[in-house]
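Subject: Structure for your review

Dear colleague,

Please find below the structure that I am handing over to you. My findings follow it, and I should be grateful if you would read them alongside the coordinates.

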Amino acid sequence: MSFEEQILMELKAEITDRAERRRRTVRRLYTGAGVAGLAAAAALAVPVLTGSEQPAYAVTQNTDGTISVTLNEFRDADKLEQDLKKMGVTTDITYLGPGKVCQGNRGEVIGGGSPEEWKNSASDKAASLQLSGLKIDPRQVGKGQTLVMAFSENRGPAQSDKPEVKWQFSAYVVKGQVKPCVMVDNPLSDDVDGPGQPPAGN
Amino acid sequence: MRLKQAEIATDHVAFEAFYRRHVDAVTRFLARRVDDPHTVADLVAEVFMAVLDSAHTYRPELGSELAWLYGVARKTLSTERRRAFKESRLQNRVNGRRVLDTDDVARLEERIDAERAARRLLKAMSDLPESGRAVLELVVIDQLTVAEAAMALGIRTGTAKVRLHRARRMLKELPFVMEGTPG
């Protein structure tokens, strides 16, 4: 393929991405979290509200060495990755559309063998959900390893100021190369709590 | 017409048509100013990325698509020069360089070579004050009309005419340009 065709292809992908980002920016996420544990994927519901312009996320270094990430909107994943990189943790962050997941595991998952192996593994401990968003522990992500995180909104009406939109979150640590996300429909998408329910433990 | 222009940033078909219409002209525009094939290819990508950013600024009543596009290309080029190509916003790069196959490199080198005379001329003009040089560049080197050059630079046609006149007068005092196009 000539470079002109290659550039055209990349630009078309960019147009698609932008359309997707615009669509998503309409919804603003207000974070508040409860956790429903699935082996590698934790699903939760958060209220959403349309509010004033604010940054997509905020990153804070905690004194105990962990990093807190407050997510306001699902955008600027690349920038968040860069910010986290500067703070010493390699991440791969994907924001997916409603009802989508990345297909399968995207590399050699640490603790991915069995539920027992998962418990207390680096993958289990590297990222946890908090009231304010996420807490990341860089010490769980070793050299040559990547904390792979994917977020997806669930379907359902997004009304301006009602706690309505749920999102799903998955995180695990991959050793070595991380494969790109192949987006597929998530069979569990609408199967958590039912639309509009407050999150478990909230 | 306005609607059609907004579409180039959102509609694949409209964008592809726009891209194919102008990709050669943009490549040549850049080959006149940059002599490295990889950088030219990167800049082509960046210019069209900038088109996506600023498609809404195009006003058809003010002039041709190409003039507007050259304006975008100029801005992209000066931005890129400032940040010295640290990163491209598009993928497909290795070690900070766009991946080009040998055919691409050869074709780009040909273009760069073909524009050698223009590059020398641009260099000769580099001592002129920026305002006049910008108009002169677009008219003499890039073959835009004065009105189009004005559009590309976001200035009034009258202003462009005055600046062009002044720049030409200054050029006459530079002997090497009077001898004709070097190269």
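Angles of 65 to 115 degrees between axes count as roughly perpendicular. By that criterion helices H3(B) and H5(B) are roughly perpendicular to each other, because their packing angle is about 90 degrees. Please note that this is a predicted model.

**The packing of H3(B) on H5(B)**

The axes of H3(B) and H5(B), the latter covering residues 102-114 of chain B, are 9 Å apart. From H3(B), the residues B:Pro37, B:Val40 and B:Ala41 take part. They meet B:Asp104, B:Val105, B:Leu108, B:Glu109 and B:Ile112 of H5(B). By class, this contact has six nonpolar and two charged residues, with no polar ones.

**The two chains**

Chain A contains four helices and twelve strands, whereas chain B has ten helices and two strands. Read from the N terminus, the order of elements in chain B is α-α-α-α-β-β-α-α-α-α-α-α. Of the 202 residues in chain A, 33% are buried; for the 183 residues of chain B the figure is 35%.

**The contact between the chains**

Chain B contributes 18 residues to the contact and chain A contributes 13 residues. On the side of chain B that touches chain A, helix H2 (12-31) and helix H3 (37-54) each supply at least two residues. The largest share of that side comes from H3(B), with six residues. Eleven residues of this side of chain B are nonpolar, four are polar and three are charged.

**H8(B) and H9(B)**

Helix H8 (residues 146-153) and helix H9 (residues 157-172) of chain B have axes that come within 8 Å and cross at roughly 105 degrees. H8(B) is therefore roughly perpendicular to H9(B). On the H8(B) side the contact is formed by B:Val146, B:Ala147, B:Ala149, B:Ala150 and B:Leu153. H9(B) contributes B:Thr157, B:Thr159, B:Ala160, B:Lys161 and B:Leu164. Seven residues of this contact are nonpolar, two are polar and one is charged.

The length of H9(B) also agrees with expectation: at 1.5 Å a residue, its 16 residues should span 22 Å, and the end C-alpha atoms are 23 Å apart. Its buried residues are B:Ala160, B:Arg163, B:Leu164, B:Ala167 and B:Leu171. These cover an arc of only 105 degrees around the axis, so they lie on the same side of H9(B). The other side of H9(B) carries the exposed residues B:Gly158, B:Arg169 and B:Lys172.

**B:Val139 and its surroundings**

B:Val139 belongs to helix H7 (residues 130-141) of chain B. A residue needs 20 or more C-beta neighbours within 10 Å to be buried, and is exposed with 12 or fewer. B:Val139 has 19 C-beta neighbours inside 10 Å and therefore counts as partly exposed. Leaving aside residues up to four places away in sequence, B:Val139 touches B:Leu144, B:Val146, B:Ala149 and B:Leu164. Of these, B:Val146 and B:Ala149 also take part in the contact of H8(B) with H9(B), as does B:Leu164. B:Val139 and B:Leu164 are 25 residues apart in sequence, while their C-alpha atoms are 8.5 Å apart in space.

With kind regards

Methods. Residues numbered from 1 in each chain as written. Chains lettered and ligands numbered in written order. Predicted model: local features only at pLDDT ≥ 70, side-chain atom pairs only at ≥ 80, totals over all residues. Contact = placed C-beta atoms within 7 Å. Nonpolar A, V, L, I, M, F, W, Y, C, P; charged D, E, K, R; others polar. Axes fitted to C-alpha atoms, helices over the stretch in contact; angles between N-to-C directions. Parallel < 35°, antiparallel > 145°, perpendicular 65-115°, else oblique. Expected span 1.5 Å × (residues − 1). Arc of directions from axis to C-beta.
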